[in-house]
Amino acid sequence: MEEVDVEPTITNIPALRRGKHMGFAWGQGNIFVYETLFKATGATGSGSPFIHEVRKDEDIYSPILRKLFNESHHIFVGLQTIREDLPSKNKKPQFVSISKNYRSVIRACMEELQQVAVSTKNAEMSVQYGNQVSILLAIELIWNLCEVLFIDAAPAGSLLLHLLDWVRLHKADVDEKARDVLQSDSPAEHRDYWDVVVSYVLQGRLDEARQMLGKKATLTPAANNIFKMMDNLLSKMPFYNPGGTQTLTEFDVKWRHWHEEVDRCLQDNSFASNQHLEVLCKILLGDEDTLLEHKDLLGTWYHFLVSRLLFCHPTVKPTELHYYAQSCMTMFLDSRSAPEPLDSILLAAFEFDIHQVIKDCSIALNNWWFVAHLTDLLDHCKLLQSHNLHFGSNLREFLLLEYASGLFTHHSLWQLAVDYFDHCLEFGRVYLELQIERVPLDTERKALKVLRICEQRQMSEQVRSICKIMAMRALRNNRLGSALSWSIRAKDAAFATLISERFLQDYCAKGTFSDLDLIDNLGPAMLLSDRLTFLGKYREFHKLYGEKRFKEAAKLLLSLMTAKIAPRSFWMTLLTDALPLLEQKEVIFSADQTYELMFCLEELTSSLNTPSSDSDKSMQEEDVELTKVELLRLALSRNLAMAIVKEGTVET
Amino acid sequence: MENINAKYVSQKISKTRWCPVSYSSLQQPEVFATGSWDNEDNKVSIWSIGNHNNSGLEDGFEGDPQILCEHKHGGDVLDLQFLDQERMVSASSTGAVTIFRYHPNTHTISVLQHWARAHSYPCDNAPCTALVCSSPEIVTVGEDGRIVVFRADQEGAVRVIGEMRTRMLPPHKESSLKLSVVFVRECRQQHNSRGDLPKDHGGFDGDRAPLHCVDRHPNQQHIVATGGQDGMLCVWDVRQGGTPISLMEAHSAEMWEVRFHPTNPDHLFTCSEDGSLLHWETASHSEMPSFLQGGRNSSVISHGALTPAGGNRPLSSAWLCGDSGKGCLETTHMLPSQTMSVNSLDIIGQCLVCGTDGEAIFVNRHVPV
């Protein structure tokens, strides 16, 4: 076995006492833990009778996060249906927009969680919501970076612009501070004023920085010219325009000129009179020490990275990123010993090591949602080499299967998982077959939905098994018609035979049929099993009799016996049914038919006359049988006589 | 289609119903109720899409449904109907029937009445599959095969009708005096419960697929539309039973609900397991009989089964024109893209609400009727 990547976490089961041994069993997505009977020496007291369920993933039970799962499912299904035949450069904007969709869904969830976290009165829940919010924030951060680096795959020049956007999106407190400052009576005197200006410059928002500076400039007319100089420098900073005609080299040249100008200003000590402006100038030059002095404003090492790139190397190429990333991280985090998981994930992203990103995220998060969807999107962008894992499927499929299996443990979200399995070409079907049988079927409507899923995918085994479950349930509640209709749907001949037997037994016992309308309208389903056909035909006989179409009824009855559709045990009942037909004034059975009836009767009585083993048959029963047979014989002979006479008569 | 928004609500919706508005005030409905299913804790909730004057509510999109209140519900909500503007009745998968009262002032729901075992087997719970109300009477049917009549103010069941052995369909309201109930499974019989014993009004030989939903034309009581397991929309003329007047391939999976528009019955709505909601529109309105109008392109395959018996084709019942050559039906998809199964829909005026298994509610306030 390979070594583990991280130390496994330990979870304490609060209700189990120390010193006791635990037994466990795997469930679906959870573990059941119980106390064993094993008594260690010194252990006293009675055992705890409870079974504890330990679940790793709580998120799927959170009502707000459920929206995330549902909406992202919708996006996922839409992504799978993008046509494969378009060349990839046409598809890139589509993929980018899908990525943005995913991100907006994450943000919406985050905002809602934030609101609930603030408004809830329960302190524990508030903490939990807060944790979820921070996890979602991290997820969105990582996703955004992956979108910039991998999906959008911006080349040098626009790469920096995208990274700037990325940082701006995730550092919202600048705007809040700016708002505070601007709303105060004298913005230029506010204590956070210079912080805001520096933050704007660090994020490359130079226009806003100039506006802020303008306020200060009006206050101190004496220092007007240096403010004007700074304004000039800020306004002249070149930004690369990807849609424009300027090439990257031209932009680089222009930028160097500007950089030299700023350097000259600094060397000339132009800003010596105002230390804030001097600091700004140093930042514009990209001086690392000055940047590091503003660690609290930067907040994170990646902000530091982007700012440094902005002012030192705006034409950075994607392949060069990781040098800068590594060095920035070490410079920024020199006080702390080990980087946090988020930092190492981001670093792996800057190094363009997609697999490492996915691996680290899988370890850090307790839910496969993020890695599954991100990997799927990257796979569609053809960015993942087909990295075959040693159990056959590729990475994307593995993650999707894990995620969907996790969904299946949820009482309600299992329906989403079906679509995920559908799009895992190698193992998805097998997983689905195994899982779909375990969905609890409380109502008929749910069973119908599950059946529809199975039938659409031609999973006939599962269809049969589900229908059998429903049919058994109906049978247990004595709803024979319902049971029969389930077995017809499953095309289960054996079960249909069983239920038809029950119907017939019911008839023998009660003298009437239950569920007439079902039997009447079986249609071609009647042919499913012999017994069922007999049931249908027998019911038809009754109908014909009721409509007084005696001749047809008689023919049907006879055919039931001669064609051997009827079970031998039922023949007595059939013959008894023939009695009233024989007793009619009008001759219904022809002579030939009567001969056949007699033949059947003889067959029946000869089998009855064989020494029967059940000698406990009471005398009365035997008497009744004998009387019946005698009556039949009498009726048959009389009918025969009349039939012969009738057929022999010549009509004049 | 631009007017339809999805609202994700973290519960699979099995039924959505508009709260009835008084016909005197010609306003559009603003409040609707939903019932959930397949949750560990199911709920009945009330939502509003009106413009909110209350400052306490969050402002989302205009028309974004906001939840007003909810109440837990034991078992899946299999049917939900409004008795009047404040009371609604729910049918549960545990066999219980409950009357809820919504208090619009305090935005709370309370339970008025609860019949716990309205439907049951001897040893099990039987889900109560459907109900219909005609205040103050409530008629429910369940999987145990019985029809039970309740009165809103009385404790016990007023009447239990028959031991019908087939699975039951939603019963349908005919008028305030008599309630007619239509049964499902391979045949259909209409039972008139005026007397104590149901009388058989004749059976229909039909298609063999089980039916899931039925709706009666609001003005012409003899026209009935049904939808079933095979997704076919059938229009029947009750007077001439036997075969449906027209059969249309509507959906590729079970059809869960079919609804005539209550005030504009040339429009019909169906929703299905395959995730689509269709709006059917017939071409009549004018004095001309529909067979004289120019044929409109019909996006639907209509197998004309029968031409109506009798010489004159009634002018306004365009539903009964079964001939595909005349092309009198137009269909539009109402939802933007294939979603998961649409379980329920309701329409009043121009407002349509539907709920799906993707845990989303769609509201369209500008349905072209």
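## A buried pair in one helix

Both A:Tyr538 and A:Phe541 are buried in this predicted model. You can find the two residues in helix H26 (residues 530-546) of chain A, where they sit 3 residues apart, about one turn of the helix.

How are the two rings arranged? The ring centres of A:Tyr538 and A:Phe541 are 6.1 Å apart and the planes meet at 15 degrees, so this pair is stacked. An angle under 30 degrees is what counts as stacked.

A:Tyr538 and A:Phe541 also belong to one aromatic cluster, together with A:Tyr507, A:Phe534, A:Tyr545, A:Phe550 and A:Phe570.

Over all chains, a search of the whole structure finds 28 aromatic pairs. One of them joins A:Phe150 and A:Phe352: their ring centres are 5.7 Å apart with the planes at 75 degrees, so the pair is edge-to-face. Here the angle is over 60 degrees, the cut-off for that label.

Now follow the chain between these two residues. A:Phe150 is in helix H3 (residues 123-151) of chain A, while A:Phe352 is in the loop between helix H15 (341-350) and helix H16 (354-364), 202 residues apart.

A:Phe352, at 33% relative accessible area, is partly exposed.

## Charges over rings

A:Lys295 lies over the face of A:Phe332, at 5.4 Å from the ring centre.

Which ring does A:Arg445 lie over? The ring belongs to B:Trp256 in chain B, and A:Arg445 is 5.0 Å from its centre.

Definitions and conventions. Residues numbered from 1 in each chain as written. Chains lettered and ligands numbered in written order. Predicted model: local features only at pLDDT ≥ 70, side-chain atom pairs only at ≥ 80, totals over all residues. Heavy atoms only, no water. Phe/Tyr/Trp six-rings, centres within 6.5 Å; stacked < 30°, edge-to-face > 60°. Helix = DSSP H or I, 4+ residues; strand = E, 2+ residues; numbered from the N terminus. Buried < 20%, exposed > 50% of the residue type's maximum accessible area, 1.4 Å probe, protein only. Lys NZ or Arg CZ within 6 Å of the ring centre and 35° of its normal.
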